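Here is a short briefing for a first look at this model.

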Amino acid sequence: MCQATVSVTLLGFLLISAIAAPTKKEDVEIYRFHINSTVTSRYAITVITSRVVNQHSESKEINFQVKIPKNAFISKFRMTIDGKTYDGVVKEKEAAQQQYSQAVARGESAGVVSSVGRTLEEFKTSVTVAANGKVTFELTYEELLKRRLGKYELLINAQPMQPVADFKIDVYIHEDPGISFLEVKGGLNTEELANAVTTTRSGKEAWVHFYPTREQQTMCKSCTETGLNGDLIITYDVERVNPNGDWKISNGYVAHWFAPMGIQQIPKNVVFVIDRSGSMHGRKMEQTRLAMQRILGDLASDDNFGLIIFDSHVDVWKQELLQATESNVNLAKSFVRRIEDQGATDINSAVLKGVEMINRHPREGSASILILLTDGAPNSGVSNPERIQANVKEAIGGKFALYCLGFGFDVNFDFLEKMALENGGLARRIYEDSDADLQLQGFYEEVATPLLHDLQLNYEGASNLTQTEFGLYYNGSEIVVAGEITDNSLESFKVEVVAFSKSKKVKYEETVSLRDLPEVPPQHENFTQRLWAYLTVKQLLRKELTLKGEEKEAAKKEALDLSLKYSFVTPLTSMVVTKPQESDTQVAHKPKEGEERGRCHDCLLVSQGRRGGPVGGGFHILAHSPPVFHPAHSPPMSHPGLPGLQAMPVRPGLPGLQAMPVRPGISGISDYEVAEHQDYDYFFQIEPQSADFVTMNPRPTKISQFQMTSLPLPPANSVRFLISSSSQPKPLCYDIPLASKIRLLADPSSQFSMNGELTLYGGKGFKQIAIHYKTNHHLTISTSGINYSDGQNAVNFVWGQEPTKHEADSVSVILRNNEVDVTIGSVRVVFLLHKEDRDVFLWPAIRQQPKHGSLQGILAKTDVQYEKLLGSRIKINNQEESASLSTATDYRLHSAPSVECWLVRLQFALQGELSDFTVSQL
C-alpha cells in the first residue's frame with residue numbers, strides 16, 4: 001500500500017504547521033487547508049482543518065501527524081471519512097491505558113515514529129481511505145498567550161509540503177481594553193508574500209488574513225516546489241489605562257488580569273551560581289561565558305550582584321555582594337571570561353553558598369533572586385536530590401525566589417523543577433543549540449526588572465480562587481486570577497491588591513459595577529468558568545509535585561475530577577476516539593519531555609492491525625507530555641460549560657473549535673509555563689457517530705458587536721465603506737450613494753478589472769459584481785449564483801451547493817458555504833454573501849493584489865496613512881478636513897462586526913471625485 005503523510009505542527013506561543021510528505025498529485029492531494037485562530041482576552045482558540053482526497057486507484061493510508069506547543073491544550077480531535085465523523089472523548093488515564101494494553105495484547109506490530117523538540121510534542125495517526133475517498137482532519141486546541149517583555153505573540157507556521165489550492169490563515173483578535181499595537185512579521189510576511197497578508201485593526205479588534213495563491217506558495221524565499229515553509233508572527237499588546245487591571249465576569253465566575261505599569265523598578269540582589277564541571281566543556285561553556293557578559297552588562301546601577309562557580313569545589317568571585325557599578329561589572333566580566341570547566345558537580349554546596357550570600361546582605365526596598373545554571377545531576381558532596389531539596393528549602397525559608405536553568409538533556413530536570421517550585425521560582429530547560437546564549441539572556445531579561453514584591457490579591461464576593469499570592473511581579477509580565485462569584489445577585493464586585501514597591505506599601509483598590517463591564521457575547525459566556533477550572537487544575541498539579549502521602553492523592557483526585565468534568569487532556573486523563581469492532585488499530589505512545597532522541601524508552605509506538613480491513617480503520621494514540629490545562633471548547637452535550645457551540649447539520653470537514661495552558665503565579669514570571677517532567681496522554685480510538693449531525697462552530701461569529709446609537713449611522717440612501725490604517729487604531733469610512741456602479745479594482749498592466757453594482761434598497765452592499773481578465777475570462781457573481789466563462793466553456797454555481805472548486809489557466813474559483821474564493825492572475829478576492837434583516841447582498845474582501853502604483857478603483861487603496869490632529873481633524877497628503885466619530889459594519893468579515901471609524905467625505909478619503917470611480921456598465 002502506498003503511504004502519504006499530512007501533518008500539522010503547533011509550536012512556540014502558538015505555532016501551527018502542516019507537513020506532508022511529498023506525493024504525486026494523482027495519488028494524494030490536500031485540496032483544502034485552513035487555520036482559523038481566534039484570540040479573546042489573550043485566550044487563543046485555533047482550529048486546523050485539512051481535507052485530503054485519495055485520487056489513487058486503490059485504498060491508501062494517510063497519516064496525520066501533529067505537534068503541539070507544550071503550553072497548548074487539545075480540546076477536540078475529529079476525523080470525517082467519506083461523510084462519517086468520529087470524535088474524541090476524554091477519559092481517565094487508567095481506563096485509556098487498559099484499552100491500550102488490549103490492543104498490544106492482540107499482537108499488533110509497533111514502530112517508533114515520534115520525536116520531541118524544544119517546544120513541541122508530537123503524535124501521529126493514520127487512516128485508510130478508499131480509492132477516490134476523502135478524509136477531513138480537524139484539530140482544535142487552546143492556549144492562554146503569555147505576556148513576555150510587554151507583548152503577546154501568536155506564532156503560526158505553515159509547511160504543507162505541497163501547494164494547496166484552498167489555503168488560508170485567518171486570525172481574529174478581540175481585547176476589551178483595546179489593542180495598543182499590532183505587528184505582523186515572520187518568514188511568511190516577506191516581500192514576495194507581502195501582498196498575501198492583509199491586516200485590519202479597529203480599537204478592540206484586529207484581523208489578519210494570509211491568502212497566498214498556489215503560485216506564491218512555491219515562489220517565496222522559504223518556499224520550494226513542495227510549497228510553503230515559514231511562519232507568520234502576530235505580536236500585540238493591550239491598552240492598560242486602568243492600573244487595577246481588566247475583568248471578565250459571566251455565569252457566576254470572574255477572571256482578573258493584573259499588569260500595572262509606570263512603577264519604579266525595585267533594585268535587585270542577584271547571585272548567579274554557575275556550573276563549571278567537566279560536562280560543561282566546549283560550546284556550553286563558551287555560550288555561558290557569552291551570555292553572562294551580556295547579562296552583567298544589563299544590570300541596573302542600583303543592583304547588587306554576586307558570582308559563584310562550582311564543580312566539586314565552590315569558588316566565590318567576591319565574598320560580598322557588590323553594587324553593579326561600571327568598574328565592578330567590568331571586573332566581573334573579566335572573571336567570567338576566565339572560567340574553565342573541570343571536576344564533578346556539587347549542587348548542594350553551591351546553592352547553599354548563594355543563599356548564605358543573599359542572607360548576609362539584607363537590603364530594605366530590594367528583591368533578592370538566586371539563579372542556578374547547571375547541565376548535570378549532583379554527583380559530589382550531598383548527591384541525594386531529596387536531601388538537597390530539603391536543605392535548600394530550609395535555607396531559603398520562603399524569603400526569595402530560586403530559578404533553575406537546566407542546560408541540555410543530561411540534567412536531572414525533575415530535581416531542578418521541584419527545587420525551584422518549592423522556593424517560589426521555576427525551572428527552564430536551555431537547549432544545546434547555537435542560540436543557547438540568547439536563551440540564557442532571554443530568561444534573565446524576563447526577571448531583570450521587578451516592580452512589586454509580596455503581592456496579595458483579595459476579592460470580596462468571590463471564593464474558590466486560583467492562586468492569589470505572588471512573590472514578585474516583573475515588568476512586561478501579567479498576573480491572572482479566577483474564581484467563583486459567591487452571590488450572583490451582587491451589583492458590584494470589590495478587588496484589592498496589596499503589594500510592596502521600591503519605597504512603600506502600595507494598594508490597588510476598585511469596586512467594579514457589574515453593569516459597567518463589557519457584555520460577554522453568548523458564545524463566550526462560559527469562558528471565565530473554564531479559565532477558572534484550567535487555572536485550578538494547573539495549580540493542583542503543581543502543588544501535587546511537592547506533596548506526599550494523602551495530601552498528594554487528594555490534590556491529584558481533585559485535579560482529575562476537574563479534568564474529566566471540563567474535558568481537559570492533562571497528565572491524569574487521555575482522549576479516546578474509537579471505532580469498535582474494527583481490527584485496524586494504532587497505538588501511539590509519546591515520549592516524555594527531555595528524553596534524548598535515540599535514547600527514548602517510551603517512544604511513540606504504532607501498532608498496526610491487518611491491512612485491507614474496513615476503510616476508516618481505528619487508531620489509538622497514547623502520548624505523554626508536560627501538563628497543559630486550557631478552557632476547552634467542545635460540544636456542550638459532552639463538555640460542560642463550553643462556550644457558544646451549537647448543534648447543527650454540517651457538511652464534512654467544516655472547522656470547529658479548540659484548547660490552552662497556565663502555571664499560576666511562579667513569582668509573577670511564568671504564570672503559564674509547563675512543568676516539563678510530567679506526562680499526559682492523548683489516547684485515540686475511533687468511535688462512530690451520526691454522520692449528519694455534528695456539534696461545531698464553523699468560524700468566529702460576531703464576537704464583538706458595537707451598538708453605539710449616539711454615533712452617526714450610514715444614511716439610508718448610501719453604503720458605507722472602510723479603509724484600514726496600519727498606523728492608526730481607527731479606520732476611515734465614507735459613503736457612496738445606492739445603485740452606483742463602481743470600479744472596484746482595475747490593473748491595466750494585467751488586463752484585470754472588477755466592477756460592482758450597489759443594491760438599490762437597503763444600503764448595505766452589492767447586488768452584482770463582475771470580473772474581466774484579459775479578453776476571454778469573465779466571472780459574474782450575484783446574490784442568486786456565480787457564472788464563469790473562459791470564452792469557450794461556461795461553469796455555473798449556486799449558493800448553498802456542496803463546496804466546489806474550478807481551476808483553469810491562472811483562474812481558481814472555490815465555492816464554500818456563503819463565500820466564493822476567487823484567484824485570477826495576481827489578484828485574490830473573497831466574495832461574502834451576507835443575509836441581514838431580510839436583505840441579501842455581496843461584499844468583496846481583497847486578500848491579495850499587486851503592489852504597484854497603477855492600480856485603480858476604490859479597493860485599490862487597502863491602507864490609508866493619515867494623521868489625527870487636534871479635535872476631530874484628519875490630515876492626508878498635506879490636506880486637512882474635519883471628521884466625525886462614527887461606526888461602520890465591516891462586511892469584509894463573516895462576523896460583520898461594527899467598528900468605530902472616522903467618517904470623512906468620499907473625495908477626501910479616496911483623493912478623487914465619485915465620477916472617477918464609476919462605470920457605465922459592469
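Helices α8 and α9 cross with a left-handed sense. This is a predicted model. The chain holds 10 helices and 54 strands.

**Helices α8 and α9**
- Helix α8 covers residues 527-545, and helix α9 covers residues 549-565.
- Their axes come within 9 Å and cross at roughly 155 degrees.
- Angles over 145 degrees count as roughly antiparallel, so α8 is roughly antiparallel to α9.
- On the α8 side, the contact is made by W532, T536, V537, L540, L541, E544 and L545.
- On the α9 side, K552, A555, K556, E558, A559, L562 and S563 take part.
- By class, this contact has eight nonpolar, two polar and four charged residues.

**Helices α2 and α3**
- Helix α2 spans residues 283-297, and helix α3 spans residues 326-337.
- The two axes come within 9 Å, with a crossing angle of roughly 175 degrees.
- Helices α2 and α3 are therefore roughly antiparallel to each other.
- From α2, the residues R289, M292, Q293, L296 and G297 meet V329, A332, K333, V336 and R337 of α3.
- Sorted by class, the contact of α2 with α3 has five nonpolar, two polar and three charged residues.

**Helix α6**
- Helix α6, residues 413-421, is mostly covered.
- Eight of its nine residues are buried.
- The buried residues are F413, F415, L416, E417, K418, M419, A420 and L421.
- They pack against helices α4 (347-359), α5 (385-396) and α8.
- They also pack against strands β23 (367-374), β24 (401-407) and β25 (427-430).

**Residue S740**
- S740 sits in the loop between β38 (732-737) and β39 (741-747).
- Is S740 buried or exposed? Its relative accessibility is 12%, so S740 counts as buried; the cut-off for buried is under 20%.
- Leaving aside neighbours within four places in sequence, S740 is in contact with G756, E757 and L758.

**The chain as a whole**
- The protein chain has 922 residues, and buried residues make up 62% of them.
- Among contacts with a separation of 6 or more, 73% join residues 24 or more positions apart.
- The chain exposes about 33,900 Å².

Definitions and conventions:
Residues numbered from 1 in each chain as written. Predicted model: local features only at pLDDT ≥ 70, side-chain atom pairs only at ≥ 80, totals over all residues. Heavy atoms only, no water. Axes fitted to C-alpha atoms, helices over the stretch in contact; angles between N-to-C directions. Helix = DSSP H or I, 4+ residues; strand = E, 2+ residues; numbered from the N terminus. Parallel < 35°, antiparallel > 145°, perpendicular 65-115°, else oblique. Left-handed = near helix turned anticlockwise from the far one by under 90°. Contact = heavy atoms within 4.5 Å. Nonpolar A, V, L, I, M, F, W, Y, C, P; charged D, E, K, R; others polar. Buried < 20%, exposed > 50% of the residue type's maximum accessible area, 1.4 Å probe, protein only. Areas by Shrake-Rupley, 256 points an atom, 1.4 Å probe, with all protein chains shown as cover.
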